[in-house]
Amino acid sequence: MKAAVLHSENHFIYQEMEIGNCRDDEVKIKVMASGICGSDTHKMTSKWKYPLPAIMGHEFSGYIVEKGSNVENVDIGERVVAIPFLPCNECEYCSRGQYSLCENHGMIGSKSFGGFAEYVNIKSTNVLKIGEIDFEEAAMIEPLAVALHGVLNIQPRIGDVAAVFGVGTIGILVIQWLKIAGVKEIIAIDISNEKLADAAAAGCERTINPLNENLTEKMNEYTCGLGADIAFECAGSKITQEQCLLITRKQGKVGYLGIAYSDVHLSEQAFENIFRRELTLKGFWNSYSAPFPGEEWTKSIDFILKGRIKLKELISHRFKLEDTQKAFNMMIMREETYGKVLILPNEE
């Protein structure tokens, strides 16, 4: 098969790779769409931690072209989304059904070959049928499930006011889930006016650009001095990771979805707010629960099929498999404004 193979940091070669027959418990997926995750570009600009050469891509969909002798849950020709997380099913957390906390998990696209390739072999327990969902939308089920994992576990109440920091793909998906959960008002916070326009289009009642406006003053204005019931950090910025603590109301909740890529140092006020306001801080990792892969995945598929979630509008760029390097260069160098970027390994 052809694949975009990573040989060193941000150095991809489009080349032939061997792929064997699937094992008895596996299926072979012909990959039709594969998303580039925000964490993928960070791995390119910091330090790649996994074996090389590698085939990245953990957000992908396609259809089954081969299956092992023991596979019964899916058939050849069925359209599926891949679940990239491979729990060990042996540690204490797996035994409790807390799969996101697995201590010895595998991961398609980093620890093993992923979706920037024409085909992927994967355990049949790691695919879900997608029905008539478009392949490009199905490639976004993984980030959609990540967003839902956070929203489900922060437990919003009907009528809450929420602030979402960072309205890239994950932020917009969090906004959509918060709307479905009954949040009364959402305030989007970002330093990009284009992204704030996207947030407004997704249903945000108010937006704040801290480069042009005083964040705490605007939040006090919008919330009558109380602050937000919920603050979601989706940017992965040490600045916004602190700001969440400054704008959340007493006994409010702060949810961290963005990854920290550097040390986070808190001001005295931010730290004091944690205990003086009795804030609840929660972090959310991955998107899995019991029964595996969890309601985050099954509900994501259900709500896409019902037309309750908008995904197509978030896709800004599509690249052929042989142009994977161009896609990463565009994102890392910020040559263009982008939303969700997809790699399309096979023509339909």
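1. Basis. The model is predicted: local features need pLDDT of at least 70, side-chain atom pairs count only at pLDDT 80 or more, and totals for chains, interfaces and linings use all residues. Residues are numbered from 1 along each chain as its sequence is written, and side-chain values use heavy atoms, with hydrogens and water left out.

2. Overall fold. The protein chain has eleven helices and 17 strands (DSSP runs, H or I of at least four residues and E of at least two, numbered from the N terminus). Its radius of gyration is 20 Å, close to the 20 Å of the globule rule for 348 residues, so the chain is as compact as a globular protein of that length. The radius is taken over C-alpha atoms; the rule is 2.2 Å times the number of residues to the power 0.38.

3. Burial. Of the 348 residues, 53% count as buried (under 20% relative accessible area, 1.4 Å probe, protein chains only).

4. Thr240. This residue sits in helix 8 (residues 238-246). Thr240 counts as buried because its relative accessibility is 12%. Its side chain reaches the backbone oxygen of Ser237 at 3.1 Å. Leaving aside residues up to four places away in sequence, Thr240 touches Phe165, Glu233 and Ala235 (heavy atoms within 4.5 Å).

5. Among contacts between residues at least 6 apart in sequence, 69% join residues at least 24 apart.

6. Dimensions. The C-alpha atoms fill a box of roughly 60 × 45 × 35 Å along the principal axes.

Note on methods
Buried < 20%, exposed > 50% of the residue type's maximum accessible area, 1.4 Å probe, protein only. Polar contact = N/O pair within 3.5 Å; in protein donor to acceptor, adjacent residues only side chain to side chain.
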